[in-house]
Every structure is written in structure tokens, then in C-alpha cells.
Amino acid sequence: MKINVGFLVAYDYELLKISIPLVYKHTNAITLALDINRQTWSGNTFTVDPSFFEWVKEFDTDNKITIYEDDFYDASLNAMENDTRERNMLADKMGDGICIQIDADEYFVDFEGFTAYLRKNEKKLTGRKPVQICSFMVDVYKVLDDGILYCPTYTNYYLGTTKANFTRARKNKDQEKWYVPFISIHQSWSRDEKELKFKLDNWGHNIDFDVDSFFEFWKSINKDNYKDHKDFHPFDKKEWPTLEYIEGKNFNEIIKNFKDKEVSKSFIFGKNIAQQLKFLFK
């Protein structure tokens with residue numbers, strides 16, 4: 001069973017130097033999707049320093065990495081539609097096998113354990129019906145000098161599929177979800193101010209909330225006042241009701257500090273039973 005990983009390369013490409021090494025040894029192939037005109041899903045432009053490609057070349061000792069350049073921006077589509085379009089194009093390029101797509105700012109805590117889990121359940125993944133593989137994500141809200149503020153609520157993470165047919169970002173239509181007990185740390189919001197504002201303006205969800213209002217609130221939160229607020233998510237308040245703090249001088253340390261955190265087995269079991277019943281007669 002081939003396990004292939006695709007990454008999107010855009011303005012936050014430097015984060016791939018953290019996310020790629022976390023999966024490299026335990027995947028069959030890695031494909032990096034990069035817009036040939038260096039345009040975001042909103043049509044803005046970005047640059048990639050040539051040193052990044054040198055890093056990829058030097059790091060790729062097993063010749064697993066392919067850089068796939070194409071025109072991923074369609075002016076007739078909004079950012080989310082271009083997001084979905086690129087992910088489908090990337091999936092086609094990745095070829096046969098389990099399709100796992102990870103963004104540059106998503107750090108998989110135990111990819112070795114995850115791939116072993118997939119291989120243990122190969123029969124389910126190679127059955128007649130396509131399966132959407134879902135794990136869980138911890139969202140980092142802000143990076144501080146000696147740690148991070150993050151949301152302790154595990155959110156569903158549409159991570160992979162046995163047959164890509166994405167209809168909104170990484171979501172597949174009419175595929176049974178199979179939840180697996182693994183966590184990724186999502187650095188989405190934890191940038192410096194300039195980087196975060198650029199991300200928010202060009203993000204696929206930028207039509208779903210007031211970007212400027214959220215940005216100003218985000219700037220005001222720190223280690224001293226985060227407990228005084230609640231409902232931190234920009235467009236789904238209940239998703240991030242509170243924040244917690246964890247130590248770490250860099251993300252490699254923070255990832256290690258997350259390794260003892262687990263998703264409840266009973267919670268996983270319940271979600272999978274619900275999916276099985278939903279798709280029983282489909």
C-alpha cells in the first residue's frame with residue numbers, strides 16, 4: 001500500500017522545513033504543489049527564495065520529493081474554490097495510493113505511528129468504498145517568547161482519502177469518514193503580524209469573517225490576559241472556547257511536548273460507529 005503525501009507551497013513555504021521532515025521517512029513519495037506564476041488563491045503574488053529549492057535538494061536524500069508547478073489561480077473563482085481546485089489537481093499528480101495532503105503549517109506529531117496504523121487497516125482502506133481519513137488538529141493561536149497559546153479542543157482534520165474528489169478544500173462528497181487517533185499541531189495563526197495579515201487576506205476562508213476586526217483582537221491577546229477572554233475562533237466561536245499555554249522555545253520542542261497527549265478511544269469509537277451506520281446502506 002503506497003502512502004503519498006502532498007504539500008502546498010505558497011507564501012509560508014519556510015514552514016515546510018518543519019513539516020516535511022516530520023513525515024519524510026514514513027511516506028512513499030512527496031509532491032510539492034507550487035503555483036507557476038507565484039499567485040495565491042486570491043490572485044496576489046508571492047516569492048520563493050531560491051535557497052528553499054536548494055534546501056529541498058539537499059534534504060531529499062531518498063529522492064522522494066517532486067515539485068509540481070502549475071497554474072492554480074483561476075480569476076473566475078473565489079479563494080476557497082481555487083483552494084479546492086488546486087487540491088484536486090495535486091491529488092491527480094500524486095497518482096495511485098493513499099492520498100494524504102498536509103499544509104505547510106500543519107505539524108504531524110506521530111506520522112510513523114499513523115502510517116503503521118494505516119497499514120494495519122489496509123483491508124478497510126483498499127475496500128470497494130472510498131474512505132475519507134480524518135485525524136484531529138490542535139490550533140495554535142499565538143507564538144510567545146517561551147511557548148504558545150493554543151486551543152485545547154481537538155477539531156476534525158480532513159487529512160487524506162483513498163480516492164480524491166474534493167468538493168471544499170480537503171473534504172470529499174459522500175465518503176465515509178474514518179477517524180484515527182492522531183494529532184497535528186496547526187500553526188495557522190501563530191505568525192508575526194505581517195505574515196498573519198497576509199495569510200488572513202489570502203486564506204480560503206477570508207469571505208467568512210471580518211479579517212481586520214479579528215486581526216486587531218489577535219494582536220491584543222498575550223500570556224497575561226488570555227484567560228480573560230473566550231470564543232477565540234473568527235467565524236465559529238464554539239470551536240475555540242478557551243486557550244491554554246504550553247512551553248517550548250521552538251516548534252520542534254513544542255511538538256515533543258505534545259506527544260503524550262491522546263484522543264479518547266471511546267470518542268474515536270463513537271464517531272466511527274456513527275459513520276458506519278450513516279453509510280450502511282449506501
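Tutor: Helices (H or I, at least four residues) and strands (E, at least two) are DSSP runs, numbered from the N terminus. By that rule the chain has 9 helices and 12 strands. The model is a predicted one, in which local features need pLDDT of at least 70, side-chain atom pairs count only at pLDDT 80 or more, and totals for chains, interfaces and linings use all residues. Residues are numbered from 1 along each chain as its sequence is written, and side-chain values use heavy atoms, with hydrogens and water left out.

Student: What makes the radius of gyration of the chain agree with that of a compact globule?

Tutor: The radius is taken over C-alpha atoms, and the globule rule is 2.2 Å times the number of residues to the power 0.38. For 282 residues a compact globule would have a value near 19 Å; the chain has 19 Å, and therefore the two agree. The C-alpha atoms fill a box of roughly 50 × 45 × 40 Å along the principal axes.

Student: Why is Val 180 called buried?

Tutor: Buried means under 20% relative accessible area, exposed means over 50%, and partly exposed lies in between (1.4 Å probe, protein chains only). Val 180 has 0% relative accessibility, so this residue counts as buried. Val 180 belongs to strand β11, residues 176-186. Buried residues make up 49% of the 282 residues in the chain.

Student: Which residues does Val 180 touch, leaving aside its neighbours within four places in sequence?

Tutor: Contact means heavy atoms within 4.5 Å. On that basis Val 180 is in contact with Phe 114, Tyr 117, Ile 133, Cys 134, Ser 135, Phe 136 and Ile 268, its neighbours within four places in sequence being left aside. Across the chain, among contacts between residues at least 6 apart in sequence, 74% join residues at least 24 apart.

Student: How far apart in space are Val 180 and Asn 202?

Tutor: They are 30 Å apart, C-alpha to C-alpha, with a separation of 22 residues in sequence. Asn 202 is among the contacts of Thr 40, together with Tyr 11, Phe 46, Tyr 73 and Phe 198, when neighbours within four places in sequence are left aside.

Student: How do you know that Thr 40 is buried, given that it lies in a loop?

Tutor: Thr 40 is placed in the loop between β2 (29-35) and α2 (50-59). Its relative accessibility is 4%, and therefore Thr 40 counts as buried. Arg 38 lies in the loop between β2 and α2 as well, and has a positive phi of about 55 degrees although it is not a glycine.

Student: What is said of Ala 169, and why is it called buried?

Tutor: Ala 169 has a positive phi of about 55 degrees although it is not a glycine. Its place is in the loop between β9 (166-168) and β10 (171-172). With 17% relative accessibility, Ala 169 counts as buried.

Student: What puts the buried residues of α4 on the same side of that helix?

Tutor: In α4, residues 111-120, the buried residues are Phe 111, Phe 114, Thr 115 and Leu 118. They cover an arc of only 95 degrees around the axis, so they are on the same side of α4. That arc is the one spanned by the directions from the helix axis to the C-beta atoms. Glu 112 and Lys 120, on the other side of α4, are exposed.

Student: Why are the buried residues of α1 said to line one face?

Tutor: The buried residues of α1 (residues 16-23) are Leu 16, Ser 19, Ile 20 and Val 23. Viewed down the axis of α1, they fall within an arc of 95 degrees, so they line one face of the helix.

Student: Why is Asp 228 called exposed, and why is Asp 146 called partly exposed?

Tutor: The relative accessible area of Asp 228 is 62%, so this residue is exposed. Asp 228 is found in the loop between α7 (211-220) and β12 (244-247), and its C-alpha atom is separated by 9.5 Å from that of Thr 242, 14 residues apart along the chain. Asp 146 has 36% relative accessibility and therefore counts as partly exposed. Asp 146 is found in the loop between β6 (131-144) and β7 (147-150). Leaving aside neighbours within four places in sequence, Asp 146 is in contact with Lys 223, Tyr 245, Glu 247 and Gly 248.
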